[in-house]
Amino acid sequence: MIKQTLRVVIPFFLLFLSFSLSALADSPKDMLAAGRVDDAITALNGQISSNPRDAESIHLLCRAYYQYDDWDRAESRCKRAVELQPNNSGFHRWLGRVYGQKAERATLPISLAIKTRDEFQRAAQLDPSDTDALIDVAEYYLEAPGFMGGGHDKARDQAKLIGKISPAQEHWVYARIAEKNKDFAAAEREYQLMIQAANKDPEAWLALAFFYRNQKRYDEMEKTFVKMQAVPIAHREVLVEAANSMLRTGRAFPFAIELLRRYLTEGPVEEAPAFKAHYLLGQLLEKQGDKTGATTEYRAAVALARNYEPARRSLQRVAP
């Protein structure tokens, strides 16, 4: 009798588990990670319609619009999420990032820049262990002029706070300060120290490669990307960043294509949306003269994000 009962219960349990895992795989957060931004927006709007005070869903909708570069919609959703949960560090950090993107594009960016700073600082205050928030504050200090609250001394003080959690990122701040001061030898040393402190983490290699790119030392940039992709990669978005750098500098298109195909095969992440990776791959293939391959990639991008205009325009240009 017991065995017969188990034969009934176990298949039922497995069926239940299968449905649960399926639902988990199709959660809006996982949709965003997979680059299915249109599906995520539809699902999140449905959840918010049922529960207008669902702060997490509203926040994720902000991040979906962020992927689309739709800064106004992203701002309104991120602000609403912060209103509902004012002590959520991550919500403040994402609102700061939205303000930062808007400030970069604004004719008069001062008020937006101040909002960016305030949100980053609030995020760091709420969660002093959040390295991303601490780095966002440091980057603001590096980029903003003094009358907007920036300054290298503030960035250096922030680096010391970062160093208590991530010594590698502390070196990154010092490297950026040295770059700003045009002390390029010191900057390169700090990037090398970052790589050592990070135990050759791919993000550290990426930072050094960006330095070489900015110095127009393209051969060294490319060699650094080769070293980067040869180590285990936890943060796969570095593969897309590397490919984008090679496209921008007109270098090693076959290698860039290889990196993007590896990225899409291993699985995309939210930090580098799949539709943008497909679009970038389409650009590289088009420059290689492979219009058929480019068309396939532009179509893949539009299938995930039908309102992503760069991919739509490219598809209209190359599609037979």
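Where α5 passes α6, the crossing is left-handed. Keep in mind that this is a predicted model.

**The chain as a whole**

- There are 320 residues in the chain, and 48% of them count as buried.
- Along the principal axes, the C-alpha atoms fill a box of roughly 75 × 50 × 45 Å.
- Take the contacts between residues at least 6 apart in sequence: 51% of these join residues at least 24 apart.

**α5 against α6**

- Helix α5 covers residues 71-84 and helix α6 covers residues 89-105; their axes come within 9 Å and cross at roughly 150°.
- That angle is over 145 degrees, so α5 counts as roughly antiparallel to α6.
- On the α5 side, the contact is made by Trp 71, Asp 72, Ala 74, Glu 75, Cys 78, Lys 79, Ala 81 and Val 82.
- On the α6 side, the residues are Phe 91, His 92, Trp 94, Leu 95, Val 98, Tyr 99, Gln 101, Lys 102 and Arg 105.
- Sorted by class, this α5 and α6 contact has ten nonpolar, two polar and five charged residues.

**α4 against α6**

- Helix α4 runs over residues 55-67, and its axis comes within 11 Å of the α6 axis, with the two crossing at roughly 25°.
- Since that is under 35 degrees, α4 is roughly parallel to α6.
- The crossing of α4 and α6 is left-handed.
- From α4, the residues that meet α6 are Ala 55, Glu 56, His 59, Cys 62, Arg 63 and Tyr 66.
- They meet Gly 90, Phe 91, Trp 94, Arg 97, Val 98 and Gln 101 in α6.
- By class, the α4 and α6 contact has six nonpolar, three polar and three charged residues.

**The nonpolar core**

- In soluble globular proteins, nonpolar side chains tend to be buried together.
- Here, the largest nonpolar core has 103 residues.
- The residues with the most contacts inside this core are Trp 172, Val 173, Tyr 191, Phe 225, Met 228, Leu 260 and Leu 284.

Methods:
Residues numbered from 1 in each chain as written. Predicted model: local features only at pLDDT ≥ 70, side-chain atom pairs only at ≥ 80, totals over all residues. Heavy atoms only, no water. Core = buried A, V, L, I, M, F, W, Y, C linked by side-chain atoms within 4.5 Å. Buried < 20%, exposed > 50% of the residue type's maximum accessible area, 1.4 Å probe, protein only. Axes fitted to C-alpha atoms, helices over the stretch in contact; angles between N-to-C directions. Helix = DSSP H or I, 4+ residues; strand = E, 2+ residues; numbered from the N terminus. Parallel < 35°, antiparallel > 145°, perpendicular 65-115°, else oblique. Left-handed = near helix turned anticlockwise from the far one by under 90°. Contact = heavy atoms within 4.5 Å. Nonpolar A, V, L, I, M, F, W, Y, C, P; charged D, E, K, R; others polar.
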